[in-house]
Amino acid sequence: MKNKVKAFFNKNPGARLKAKEISRLLDFAEAHEYAKLKQVLHDLEREGFLFRVGKRYLLDTKTAEGFTGLLQMSERGDYGFVVTKGRGFSDIFIPQRYLGTALHGDRVEVSLLARKKGKNIEGEITKVIERSSKEIRGVLHKSGSFYFVRPDEKRIQRDIYISSRELQGAKDGDKVMVADIYWEDGHLNPEGRITEVIGKAGSYDTELRAIAKEFKLSLRFPDEVLKEVDNISGDISNEEISQRLDLRDENIFTIDPDTAKDFDDAVSIKTDHEGNYQVGIHIADVAHYATPDTKVYKEALKRATSVYFVGNVIPMLPEKLSNNLCSLVPGEDRLAFSVIVKMTPRGKVLDSLITKSVINSKRRFTYNEALEILESGEGDFHEELNRLNKLATVLRKKRFRKGSINFSTPELEFKLDENGNTIEINVTREDDSHRLIEELMLLANRIVAETLSKKRVPLIYRVHDEPDKLKLEEFASFVKTMGYSFDPSGRNSSGQFQHLFDQIGDAPEKNLVHEVAIRSMAKAVYSDFNIGHYGLAFDHYCHFTSPIRRFPDLVVHLILWEYLKTGKLRTFTQNELTYISDHSSNKERSAVDAERKSVKIKQLEFLRNKIGYDYTGVISGITHFGMFIQIKENLAEGLLRLSDMDDDFYIFDEKRYSLTGEHKGKVYRLADEVNVKIARVDREKKEIDFILLD
């Protein structure tokens, strides 16, 4: 009985129970068992394993076994949680005063306290088992004769002292890397030594190098990869052409952003004698140059994706391939992989052909150029563009009817001067030219996935799981505060999302609702096991159309060609496909986070000279310390602190996502429009502070 009681309290360290409750939970129902239990509890209290408050017994954490886990600090670095597994209780809350010498991400040992913080057990960190970061990035500062590094990561709550002997030539204001962190006394600051000077803090080049360091992105290709690529000939032999479908006389063209240099997809359309369309989606044949036995393939696998910063790119492939040999530039013969689809004008697929080809693009359109031709009905290939646009509209409507969700998220367009400084930021939205290309790429990806899936060929799929029911309920509560309805229990939740988006239209809260909707869903990932794509409402889907910038597309090309040639797949084992899927998903997430940081840096750069300027913004978040405001015209986000809202005392309502003035009754809710003035732009901390205008 004693062992059972001890095991119960070790598994449930936050329990505060009376003897009767313990007897019921441990099934000691008989009178003699209950009498014996009371004696056991008395003995455990005397031994120091339990202590008693009133009639309730609690675990005495001074003698309890140590708990270990990873420390996850809050965004502001003022408290943390230790994440444990298999302990039967929630994460352990660590107040700032009990953090000791632990830093965000460290593996630590925790002593449990009897108190609770909300639903969480409180604890005190007693030992740092392993540091999470071998290196920490930050900015070097000098105060008197002392040097210290302020970490870029806000969740690292202490500056790091640097001895003048460990500067490695770094100067005040430099962005640096710090290693060999030593911290034994929580009353003092940690110490470290500088291992690398990245550059002068605040410059965009330095910030990009810092982001690359943070996400382990390779800025340069290894010499052996560049040497291998230099030896690739750009000539296409007659023998190679004879083995492909020759489409060089077809009216094939590309549509891409203004600044694009790597054109990996081109399109075409013809009408046959029956009035049906023959639609061509032509994709750069990267696999012809990057086969699994090459160094460039192995390097592409490591990178897994191109990373697009504002005004810069870290490519997956060297420039000779990405911007030259593989890029479907106009007027040049290029090797391609074509999906040619025979369809009715109403969007019904009658037949499809997937084959290697050789093409010669007749025109490079920007999205704006294509849109102008669609709207005016005049210009190069206006008939082809018009047919493709009408067909794309039909395909889009059919997709939505089947449950596909239209996530309309705004994009930012940065205009830079000759020195790379931001001079203008514009919010762009999808238009007919974007939608035209999107639908054709979706069509090609789906046809390739369906073709290989029907033949049971192992593949890397692009999958999107159904949302978690609890997250749907939270999302429903969120939109209810704005006056919209969303039924989380409905069978067709994807249709519910689209119905909600149709209700919202272009209301001020549109961007916020779309963003929260995306966060409430699972993330789309790569997988060798198909579960379908919830957001697109496709049973089979893969990525095939961007092999210059996405590694899974390159693998799909290799799989597809091997199957078309031999009817089998020998190049990749199932374990290899699993690894490539997981690795590519992880690298994609890193790329997205890195790109967001690049955007934020450029927004701050643009706004640093706008202090005192007035803007209209939308409330994008509400907390107990203030409101986050997103400027409508450039989507930059900053904080309006409660301490700066001195017209009233505001009360935070977490359930209603609102702040209410205690005396005047003024209410601020999520998605409300407000007029603000920029009060401060801190490029080092990457923060914007607003003050409210009347």
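A: Helices (H or I, at least four residues) and strands (E, at least two) are DSSP runs, numbered from the N terminus. By that rule the protein has 16 helices and 33 strands. This is a predicted model, where local features need pLDDT of at least 70, side-chain atom pairs count only at pLDDT 80 or more, and totals for chains, interfaces and linings use all residues. Residues are numbered from 1 along each chain as its sequence is written, and side-chain values use heavy atoms, leaving out hydrogens and water.

Q: What makes a residue buried or exposed, and what percentage of the protein is buried?
A: Buried means under 20% relative accessible area, exposed over 50%, partly exposed in between (1.4 Å probe, protein chains only). Of the 694 residues, 49% are buried.

Q: Which residues of helix 9 are buried?
A: In helix 9 (residues 367-376) they are Tyr367, Ala370, Leu371, Ile373 and Leu374.

Q: Why do the buried residues of helix 9 line one face?
A: The arc is taken from the directions from the helix axis to the C-beta atoms. Down the axis of helix 9, the buried residues fall within an arc of 160 degrees, so they line one face of the helix. Glu372 and Glu375 are exposed on the other side.

Q: What covers the buried residues of helix 9?
A: Contact means heavy atoms within 4.5 Å. The cover includes strand 14 (253-256), strand 21 (363-366), helix 10 (382-401) and helix 11 (432-454).

Q: What follows helix 9?
A: Gly377 does, with a positive phi near 75 degrees.
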